Amino acid sequence: MPLAALIGAIGGLVAAAFATIVDLAGGGLFHLQQSGSTTQSALLLLAIPAIGGLVVGLIQFKLTKSGVIYGVPEVIESLARNKGEIKASVGANKAVTATATLASGGSAGIEGPIISIGSSLGSVIARRLHIKPEHMPTLIGCGAASATAGIFNAPIAGVLFVLEVILRDFSVRTFMPIVVAAVFGTAVAQQTLELYHGEIDAGVTNALFVVPDAMHNYQFELPEAPAYLALGLACGLAGLTLAGSMRLSNKAWQRTPLPAWFRPAVGGLLLGAMGLIFLHYLPGTTQFATLTDYEQPAFMGNGYPIIETLLNPLKYSGAELSIALLLAIVVFKIVGTALTLGSGGSGGVIAPSLFVGAALGGLFAVTLSKLGIFPGATPATYALAGMAGVL
């Protein structure tokens, strides 16, 4: 238990530091991109993702020669084949490459990398202390759970994710240390972020997203059931499309004659070109950017401010979101994620899944409202349901 608490505390600290660095680096780069003239802004929008991809490619294939590290699959494989031994270099590699991808606007999530980093942390500590092999999976789970809980501000979510996806073990011997690690990870991450922000803000005291008070008073009514069932079918198709597009993109990039180290740079360049198209050729993007206070094109990065906007009924009432814009956001996010990860970028798929679900739920509700058959009180509840459905 004390060892689980120690790993949890370190995992929470690492999670808070990683999230803060990504946020600062990305915010600085895209603030610089927006501060120039129109021509300079356009060139920087092309250059920033391309340079970020080039850095990732050089690290993965020239510097460390590790190739693409996907994150969670490597953790599961290490438990199945290598007795849970994960090198410290794996976590360090993932931290640097994911920071470069996400800070430069890559369409991916921060959660997958932090799970890999936390698992590596647990494995390294267990090996250094000469822990028996039968306890190695539990301590790896402690690292993964603490980092996940710290990044999400949700200890129960961290525990359940690790038990269901990584360890597939619900025994009491495994469960209790992982709970301890997740609680310590959340507490340390909250305190670290509090010190960084100077006060406890909504992003520290809430779980991953801030749900407004208006959503807390929502009451489901039976006439809404057919609409939610239809949304569930749409979410299933969207999840299939997202997963399938990433597989197809991965295979397509592997067939290209481009050297592996150069592919993430080309993927980043194409992503930047999509950003230019999104900003300059789609109506309503300027108003939407003002509404969300998101400096990148909406589909780039992890898109968390976009999700919070879609979950806020008050913002829905203050701005008219068009069907075309929401549909474009869904399509661009799926294609952008496939480009980023398929070309060799480093990041997770949880954030893109949540983003696609929120935008799809908002699109579904706005479409029903335009048709005059919307049964609910606010589109925000459908955005929330869409997030769960696609994920």
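Colleague: Let's start with A187: where is the place of this residue?

Modeller: A187 sits in helix 8. Helices here are DSSP runs of H or I with at least four residues, strands are runs of E with at least two, and both are numbered from the N terminus. Before we go on, this is a predicted model, where local features need pLDDT of at least 70, side-chain atom pairs count only at pLDDT 80 or more, and totals for chains, interfaces and linings use all residues. Residues are numbered from 1 along each chain as its sequence is written, and side-chain values use heavy atoms, with hydrogens and water left out.

Colleague: Good to know. Is A187 buried, exposed or partly exposed?

Modeller: A187 counts as partly exposed, because its relative accessibility is 39%. The scale is buried for under 20% relative accessible area, exposed for over 50%, and partly exposed in between, with a 1.4 Å probe and protein chains only.

Colleague: And how many Å separate the C-alpha atoms of A187 and P155?

Modeller: Those C-alpha atoms are 9.2 Å apart, and the two residues are 32 residues apart along the chain.

Colleague: Switching to charges, how many salt bridges does the structure hold?

Modeller: There is 1 salt bridge, meaning a side-chain nitrogen of Lys or Arg within 4 Å of a carboxyl oxygen of Asp or Glu. R81 pairs with E77, and their closest N and O atoms are 3.0 Å apart.

Colleague: Why can such side chains pair at all?

Modeller: Opposite charges can pair when the charged atoms of the side chains come close. Here, R81 and E77 are both in helix 3 (residues 72–81), 4 residues apart, or about one turn of the helix. R81 is exposed at 65% relative accessible area, whereas E77 is partly exposed at 37%.

Colleague: Now packing: at what angle do helix 4 and helix 5 pack?

Modeller: About 155 degrees, with the axes of helix 4 (residues 88–103) and helix 5 lying 8 Å apart. So helix 4 is roughly antiparallel to helix 5. Axes are lines fitted to C-alpha atoms, for helices over the stretch in contact, and angles run from 0 to 180 degrees between N-to-C directions. Under 35 degrees counts as roughly parallel, over 145 as roughly antiparallel, 65 to 115 as roughly perpendicular, and the rest as oblique.

Colleague: What about helix 11 and helix 16, at what angle do they cross?

Modeller: Roughly 40 degrees, and the axes of helix 11 (residues 225–255) and helix 16 (residues 323–342) come within 8 Å. Helix 11 is therefore oblique to helix 16.

Colleague: Last one, on backbone angles: what is phi of H130?

Modeller: Phi of H130 is near 55 degrees, a positive value in a residue other than glycine. H130 is in the loop between helix 5 (111–128) and helix 6 (136–152), and is exposed at 71% relative accessible area. N153 also has a positive phi, near 60 degrees, but N153 is buried, at 10% relative accessibility. The loop holding N153 runs between helix 6 and helix 7 (155–167).
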